[in-house]
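Dear colleague,

Please find below the structure that I am handing over to you. My notes on it follow directly after.

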Amino acid sequence: MAAIEILDLEKSYLVGFWHKHRKPALRPLRLTIEEGEVFGFLGPNGAGKTTTLKLLMGLVFPTAGTARILGMDMDDPRVKSQIGFLPEQPYFYDHLSARELLNYYGQLSGMAQGRSARVEQMLARVGLSDSAGVQLRKFSKGMLQRVGLAQAILHDPKLVFLDEPMSGLDPMGRREVRDLIQQLRHEGKTVFFSTHILSDAEALCDRVGVIHQGELRGVGAVAELTSATQGKVEIIFCAQKVPAGLISLGAEARVSGDMVNAVLSEEQQDAALDVLRRERLKLISLTPVRRSLEEYYVQKLQVPEGPKEESRKGVGV
Amino acid sequence: MNSGGTNARIGYIAFNTFREAVRDRVLYNLIAFALLLSGAAILVGEISIDIERLVVVNLGLTAVSLFGVVIAIFIGIGLVSKEIDKRTLYTVLSRPVRRWEFVVGKFFGLTGTLVVNTFFMALGVFLALLYVAHKFEMMDVWVLVALYFIVLQFLIVCALALFFSSFSTPLMSAVFTFALFVVGSLAEDLRGFARITQGVGGWLATAIAYLVPNFSTLNVISQVAHGDAISGRLILYDSVYALLYSAMAISGAVLIFQRRNLK
């Protein structure tokens, strides 16, 4: 079963002094996320990532379209007890401690039995057991982010929405969040998270979607996107200068100390190896050049604005 | 979400609102200031020979009323807008909480805060009374009724602050609410003016006079300061009036908030 089915969800705001002009924040979005999947929603700031999450959370109302979450209509009140949400740069009640806040959210989520134990478990999981009794106004940004993560998974939801979960975190904090998302994946949870940090998406996601200017530009499986070769190979060998034979094959090469790194087309691979043999140079490695997620991302952002069949279907690499 | 769950959630939100408000230091400053004013009433009462009681009740209850209204507006306007600005609302509404439950819970939480505040401020007034009169008299019961009416005023002010903050900025909500409090305190004069005005102006004056909250009927400070009794009929009328007016303002807040995009 699909965990999330977004069916032409659309949001625009009326702007201008007389509210006569319509500014699209999200163009019709069609996207399906399967259960147990970790999905990364990528895009620059203002692309429509947060708008999409707010629409799914019922915080803003769609101009058109709808979505089904865990098989239920997104307006169905039962949905809320099975989902967790971490907003971007979360902020909580200043005068509550982390423990009080989690207890409060647990109450609102309908947790009765074992709530206190679960709260302590969550505090330990995000590394806040020692600061559990401190009022949140004394917390750093990173600590608030951890509280945010704890509240999002407190009630053991099936589906977790995280809006920029690594934002404001130091390298250690980012690593901890990555570990937490990996744990959620192992527990069989579905994770939908927005980010503009591509390395995080590449490390964590099964699939990613790229959104720009309110429009979904493409969706693809990370493994496929990054395994796709570009018809080029990278050859690394020991030498202090680039052999003339290699240059004549059209290789782009650079010398770094005693090593040469050369990139050339796959068709020229055998000829290049012949050159190395002739020159009696030591081969270190020969690998196909793979596309990085960053290249895919940049490529999708460069697609001119306008209706694209691929995006509307929510598929396609 | 059953009705039992609804009541529980409203209760949790109300308790959390109360807890947050009580822990806010600004609130303590206001209470301390009100208690100080009650102390000042003793001082003024001592130099006002034979009318000590009148001065203490008048000044004390006025202080309770004014500071209570300031607290009601101060917290009331921030109840919804602060939660939107700071995005604390996002993590509440992403749980099985309906928007109307949130608004009603906030209202009850703020009302509870004001009732507790009023209790402590009233304690100050009664201590001041005991200090100047050395004993309590039967007519001091009416001071309790005046305090009850002040709490009814707070109910309406809270509901109005919540109503305005459901669609306006905190500053504008404060201005609107305080303006309505001032105009509502002159409601009886407005009604008198409406009665003697003819034509469209009379119509308009009548509409405004009955639309604004009638705070003047809820102000019996002068009467109880003079030891006058308050009729049971007025107590009943004012109770029903304050509850209905607050319910209307809260309903308005809910209707607006239900449709609001939390950008």
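Two residues are taken to be in contact if their C-beta atoms, placed from the backbone, lie within 7 Å. On that basis, of the contacts in chain A between residues at least 6 apart in sequence, 70% join residues at least 24 apart. Please bear in mind throughout that this is a predicted model.

Overall description of chain A

The secondary structure of chain A consists of eleven helices and 14 strands. Taken along the principal axes, the box filled by its C-alpha atoms is roughly 75 × 50 × 40 Å. Chain A has 317 residues, of which 40% count as buried. The domain assignment divides chain A into domain 1, made up of 2–226 + 293–313, and domain 2, which covers 229–290. Between the C-alpha centres of these two domains of chain A the distance is 44 Å.

Confidence

Chain A has a mean pLDDT of 89, and 95% of its residues reach 70 or more. Residues 307–317 of chain A, however, stay under 50 in pLDDT; for this stretch the model has 24 contacts beyond four places in sequence.

Contact between the chains

Chain A brings 24 residues to its contact with chain B, and chain B brings 22 residues. On the side of chain A that touches chain B, helix H1 (49–57), E6 and H2 each supply at least two residues. H2(A) gives the most to this side, namely four residues. Sorted by class, the side of chain A that touches chain B comprises 15 nonpolar, seven polar and two charged residues.

Two residues with positive phi

Which backbone angles deserve a note? Gln89(A) has a positive phi of about 40°, although it is not a glycine. Gln89(A) sits in the loop that runs from strand E6 (83–86) to helix H2 (98–108) of chain A. Gln89(A) is classed as partly exposed because 14 other C-beta atoms lie within 10 Å, a count between the limits of 12 or fewer for exposed and 20 or more for buried.

Arg280(A), likewise a residue other than glycine, has a positive phi, near 55°. Its place is the loop between helix H9 (269–278) and strand E14 (282–290) of chain A. Arg280(A) has 6 C-beta neighbours inside 10 Å and therefore counts as exposed.

With kind regards

Technical notes: Residues are numbered from 1 along each chain as its sequence is written. Chains are lettered from A and ligands numbered from 1 in the order in which they are written. This is a predicted model: local features need pLDDT of at least 70, side-chain atom pairs count only at pLDDT 80 or more; totals for chains, interfaces and linings use all residues. Domain bounds come from an automatic or database domain assignment. pLDDT is the predictor's confidence in each residue, from 0 to 100. Ala, Val, Leu, Ile, Met, Phe, Trp, Tyr, Cys and Pro count as nonpolar, Asp, Glu, Lys and Arg as charged, and the others, Gly among them, as polar.
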